[in-house]
Amino acid sequence: QVLATLKRMPRLNVLHLGNFATTAHPRALPADHIVALDELQELVLGGSTYDVASLLEHLSFPPSTSISLRCVSSDKPEELSIMAAVLSSRLSSRDSSLPIRVFHVSCDAVQLSIHGSTGSRILEDESLWEAGNRGSISLSLVAGPEYINTPATLRAVTQAFSLKHVESLLL
C-alpha cells in the first residue's frame with residue numbers, strides 16, 4: 001500500500017516514514033516494481049530491517065537525496081546481509097557524482113550508527129546527522145549486544161559504502 005500511495009506522488013520532495021510496516025519480504029515484489037521519486041530531496045525511514053530494506057529496494061530517487069535509516073533488528077543474521085545488499089545497490093550509482101568524504105561509525109551495546117557525508121567536516125553530534133548534507137546517508141541498526149558488537153557486523157555494513165573518497169574518518 002505504501003508503494004501504491006507513493007506512486008501517486010511523483011513530485012514528492014520529503015518522505016519521512018517512522019515505524020511503518022509492510023507485509024512483503026524484501027524479495028517478494030518483482031524487481032521491476034520501482035516507484036520513481038525524481039524530486040525527492042530527503043528520505044527518512046524507520047522500522048524493521050526487512051521493512052526498510054523492502055521499501056528502499058523499490059524506490060528510485062536522485063543521487064543527491066539525503067538518506068536517513070533507523071532499522072530495528074530481530075537479531076537474525078540474514079537481516080544485515082539484506083540491508084547491506086540493498087544499500088550497496090542504492091549507493092553504487094551515487095559513487096561517481098556524490099562521493100562519501102566523511103565517514104563516522106559509532107557502536108554501543110545495542111546500536112550501530114554509520115554516517116557518510118559528501119561534506120568536508122565530521123559531525124560528532126549524532127543528533128545532527130539527520131539534518132544531512134546533499135547526498136548524505138545515515139544508518140542506525142538497533143539489535144542485541146551479541147549481534148551488533150561483532151567485526152562481521154561492521155564489515156558487512158561498511159562494505160555497502162564506497163570508501164575510496166573518504167578524507168575524514170571517526171570511529
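Q: Leaving aside its neighbours within four places in sequence, which residues is Leu-43 in contact with?
A: Taking contact to mean heavy atoms within 4.5 Å, and leaving aside neighbours within four places in sequence, Leu-43 touches Leu-15, Leu-56, Leu-59, Phe-61, Thr-65, Ser-66, Ile-67 and Ser-68.

Q: Before we go on, what kind of model is this, and how are the residues numbered?
A: This is a predicted model, in which local features need pLDDT of at least 70 and side-chain atom pairs count only at pLDDT 80 or more, while totals for chains, interfaces and linings use all residues. Residues are numbered from 1 along each chain as its sequence is written, and side-chain values use heavy atoms, with hydrogens and water left out.

Q: OK, how many helices and strands are there, and in what pattern?
A: The protein has five helices and nine strands, where helices (H or I, at least four residues) and strands (E, at least two) are DSSP runs numbered from the N terminus. Along the sequence the pattern reads α-β-β-β-α-β-β-α-β-β-β-α-α-β.

Q: Back to Leu-43: what is its bridge partner, and which strands does that involve?
A: Leu-43, in E3, is the bridge partner of Leu-15. Strand E1 (residues 14-17) and E3 run parallel and are joined by four bridges; for two strands to count as paired, DSSP has to find at least two bridges between them.

Q: And how many bridges are there between E3 and E5?
A: E3 and E5 pair over seven bridges, in the parallel sense.

Q: Which way do E5 and E8 run, and what stands opposite Cys-71?
A: E5 and E8 run parallel, with six bridges joining them, and Leu-141 in E8 stands opposite Cys-71.

Q: Are those strands covered or open, say E3?
A: E3 is mostly covered, with five of its seven residues buried, where buried means under 20% relative accessible area, exposed means over 50%, and partly exposed lies in between (1.4 Å probe, protein chains only). Because five of the seven residues of E5 are buried, E5 is largely enclosed by the rest of the structure.

Q: How many residues does the largest nonpolar core have, and which have the most contacts inside it?
A: The largest nonpolar core has 34 residues, and those with the most contacts inside it are Leu-43, Leu-59 and Leu-69. At least two residues of this core come from each of helix H1 (2-7), strand E3 (42-48), helix H2 (49-57), strand E5 (66-72), helix H3 (77-92), strand E7 (111-117) and strand E8 (137-142). A nonpolar core here is a set of buried Ala, Val, Leu, Ile, Met, Phe, Trp, Tyr and Cys residues joined through side-chain atoms within 4.5 Å.

Q: Let's turn to H2: how many of its residues are buried?
A: Eight of the nine residues of H2 are buried, which leaves the helix mostly covered; the buried ones are Thr-49, Tyr-50, Asp-51, Val-52, Ala-53, Ser-54, Leu-55 and Leu-56.

Q: What is Thr-49 in contact with, leaving aside its neighbours within four places in sequence?
A: Apart from those neighbours, Thr-49 is in contact with Cys-71, Val-72, Ser-73, Glu-79, Met-83 and Leu-141. Thr-49 is buried, with a relative accessible area of 1%.

Q: Glu-79 is on that list, so where is it found, and is it buried or exposed?
A: Glu-79 is found in helix H3 and is buried, with a relative accessible area of 1%. Glu-79 and Ala-53 are 26 residues apart in sequence and 9.0 Å apart in space, C-alpha to C-alpha.

Q: What about Leu-80, buried or exposed?
A: Leu-80, also found in helix H3, counts as buried at 8% relative accessibility.

Q: Last one, for the whole protein: what share of the residues is buried?
A: Of the 171 residues, 47% count as buried. Of the contacts with a separation of 6 or more, 72% are between residues 24 or more positions apart.
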